[in-house]
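Keep the model open beside you as you read.

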Amino acid sequence: MQLNPSEISDLIKKKIENFDLSAEAHTEGTVVSVTDGIVRVHGLSEAMQGEMLEFPGNTFGMALNLERDSVGVVVLGNYQHITEGDTVKCTGKILEVPVGEALLGRVVDALGNPIDGKGAIDTTETAPIEKIAPGVIARQSVDQPVQLGLKSIDAMIPVGRGQRELIIGDRQTGKTAIAIDAIINQKGTGIKCIYVAIGQKRSSIANVVRKLEEHGAMAHTIIVAASASESAALQFIAPYTGCSMGEFFRDRGEDALIIYDDLTKQAWAYRQVSLLLRRPPGREAYPGDVFYLHSRLLERASRINAAEVEKLTGGRVKGKTGSLTALPIIETQGGDVSAFVPTNVISITDGQIFLESNLFNSGIRPAVNAGLSVSRVGGAAQTKIIKKLGGGTRLDLAQYRELAAFAQFASDLDESTRKQIERGQRVTELMKQNQYSPMSVAQMAVSLFAANEGFLDSIEVNKVLDFEAALQSYMKSEHSELMNNINATGDFNNEISSNLRTAIETFIKTHSW
Amino acid sequence: MSELATLARPYAAAVFKRAKETKATVKWSESLAFMSAVLKNENIAVVVDNPKVNKEKLSTLMLDICQEHITEENGNFLKLLVHNNRLVLLPHIAKLFEAYKAEDEGYVEVEVFTAYTLSKEAKQSFTATLEKALGKKIHMNVAIDKSLIGGVLVRAGDRVIDGSIKGRLQHMQKALQ
């Protein structure tokens, strides 16, 4: 945006005209000590918990410890210029961040300031970062799906709009990959995405942004980045910032998906802040309220009913429900899910997608452990066709797992056992999917149908993926009407079933792979 | 600083209670102020900070200096502080004592900074307005601060009412950013 000098002076004139000249009343305190981003302030007898406090040099802090004679404040950002004796002012506001449609396509820091070099964000609305989750009356049960575009997840561990589904696994098991695929797959669905990167390398964040841009997914995505080099305070508040931005869409009767990548690092940042504030350490040196840290955040991801949306928008939006779906990510150490933070978050969420490094290393990607992964509410939200066809897949895999140990004695096994093992091997193979290639409902239905109806049984295990790829391209070119129909309705009936069967039979007869 | 205030609180509370019992708040207030002033003296500060000076000598020294300004009870309090190694708390105790006194007598200490001297009438009307605004009687200390350029800045405890030109300019600077 280019401005000429006269426009600039007009702008300034307008601002001066509207300037409030009344005397300013506030409470003041003095800095007593500055230690590792924690400032003790004497005075400030009227400070509120979580209040934004103003330091000299346009720096802000958040009051976290209110004591008899002093206030413990964590500085949001750089604290090197703050010295003993500086005055600190109360602002009378809880920490707020900008929210709105204008944030879509942007990369912002934990305070909502743009960091992508694309200029100021054109929004006037702000929202406090800490809000109480919607009450019982305001809620509605989850009954619409969020398609992540991954066969193994959408078929076996479905996620519904407003659900909290944990993605848990060791480092390097493809947790972020699932999240990015989920964002890419929301293109054109109207679901707005928020990706909160906590304590990650700047290079990883840049990578994510580039990948999303390449796949045209940035237009419906906000990225909130609190990288490893930023202060612990910012890493600790980043998820709440992202959540407030997501709630903006939820409260207007839209759907949003938020990914917290990852909450382990946020718990570390909060532990650091708490220990520096001299709060007593508990298990694994985390403070006593680390459960509440995550529960209050994840409780805000919810589906709210049309009446609540109407109330929140003042009657502007009628008859639409809103939802905020959360996909928190937790990184485990050596597959240990019984550590403090993983058990906490597992118990808070509505299910988990469990990723294993040995599956990942043996080439099963996404490395989803179908036995340990569950979705407690997603079943009600699944599309009819995937629900019908996915059930068989889950069963095949469960039976296969029990028998897998005997697979090497294949020659000594009876017919039915051998068949189950072979089916299991093929289904396991079929569940593999490349990164950045999410599938539509119809594509998934075709693959699952082929497996369920035994079309894969006559195909060699290492040819399964080739078969699938050839089948998909055949279906796309020859039966696009059927595919579109499935995508549009998601229904499953005898007609669709027989259509699919004839299509696959013709394909097997006429094509090679 | 804040930790020292925490330590000083029980002493100040005890002193204030005793002072009220004996109806000697004014006297106590004066002597506490005097003793704090003595402690601010550089030579005395060196002695107080020196761990090698033994307690008896220190209390004799302090009593000698303050002799004419303090009562026997004040002296006993001084001895107690020396004995507990809490002599450094004296300025905080004095401050807290004043706060208790102000609360008890129902007024607030208000510091007013102006760029120019206030006329008598102005001062009176200003006092009335402030008393209304704060809902309490006030004891006003007026000081001149040329850097304010104009207007007044009022400080009552933690609360600051900034009606100075300087404050407004700073405010405007932020609004125009």
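This is a predicted model: local features need pLDDT of at least 70, side-chain atom pairs count only at pLDDT 80 or more; totals for chains, interfaces and linings use all residues.

Q: What share of the residues in chain B is buried?
A: A residue counts as buried if 20 or more other C-beta atoms lie within 10 Å of its own. In chain B, 22% of the 177 residues are buried. As for contacts between residues at least 6 apart in sequence, 66% of those in chain B join residues at least 24 apart.

Q: How many helices and strands does chain B have?
A: Chain B has eight helices and four strands. Along the sequence they follow the pattern α-α-α-α-α-α-β-α-β-β-β-α.

Q: What describes two packed helices?
A: The angle between their axes and the distance between the axes. Take helix α4 (residues 55–66) and helix α5 (residues 72–83) of chain B: their axes come within 9 Å and cross at roughly 150°. Because of that angle, α4(B) is roughly antiparallel to α5(B). The crossing of α4(B) past α5(B) is right-handed.

Q: Which residues of α4(B) and α5(B) meet?
A: From α4(B) come B:Lys55, B:Leu58, B:Ser59, B:Met62 and B:Leu63, and they meet B:Gly75, B:Leu78, B:Lys79, B:Val82 and B:His83 of α5(B). By class, this contact has five nonpolar, three polar and two charged residues.

Q: How many residues of chain A and chain B are in contact?
A: 21 residues of chain A are in contact with 16 residues of chain B. On the side of chain A that touches chain B, α1 (5–17), β1 (24–35) and β2 (38–43) each supply at least two residues. The largest share, seven residues, comes from β1(A). That side of chain A has seven nonpolar, seven polar and seven charged residues.

Q: Is A:Pro366 buried or exposed?
A: A:Pro366 has 26 other C-beta atoms within 10 Å, so A:Pro366 is buried. You can find A:Pro366 in the loop between α10 (357–361) and β19 (374–375) of chain A. Leaving aside residues up to four places away in sequence, A:Pro366 touches A:Leu150, A:Ser152, A:Gly174, A:Ile178, A:Leu355 and A:Gln433.

Methods
Residues are numbered from 1 along each chain as its sequence is written. Chains are lettered from A and ligands numbered from 1 in the order in which they are written. Axes are lines fitted to C-alpha atoms, for helices over the stretch in contact, and angles run from 0 to 180 degrees between N-to-C directions. Angles under 35 degrees count as roughly parallel, over 145 as roughly antiparallel, 65 to 115 as roughly perpendicular and the rest as oblique. A crossing is left-handed if the near helix is turned anticlockwise from the far one by less than a right angle, and right-handed if clockwise. Two residues are in contact if their C-beta atoms, placed from the backbone, lie within 7 Å. Ala, Val, Leu, Ile, Met, Phe, Trp, Tyr, Cys and Pro count as nonpolar, Asp, Glu, Lys and Arg as charged, and the others, Gly among them, as polar. A residue is buried if 20 or more other C-beta atoms lie within 10 Å of its own, exposed if 12 or fewer, and partly exposed in between; C-beta atoms are placed from the backbone.
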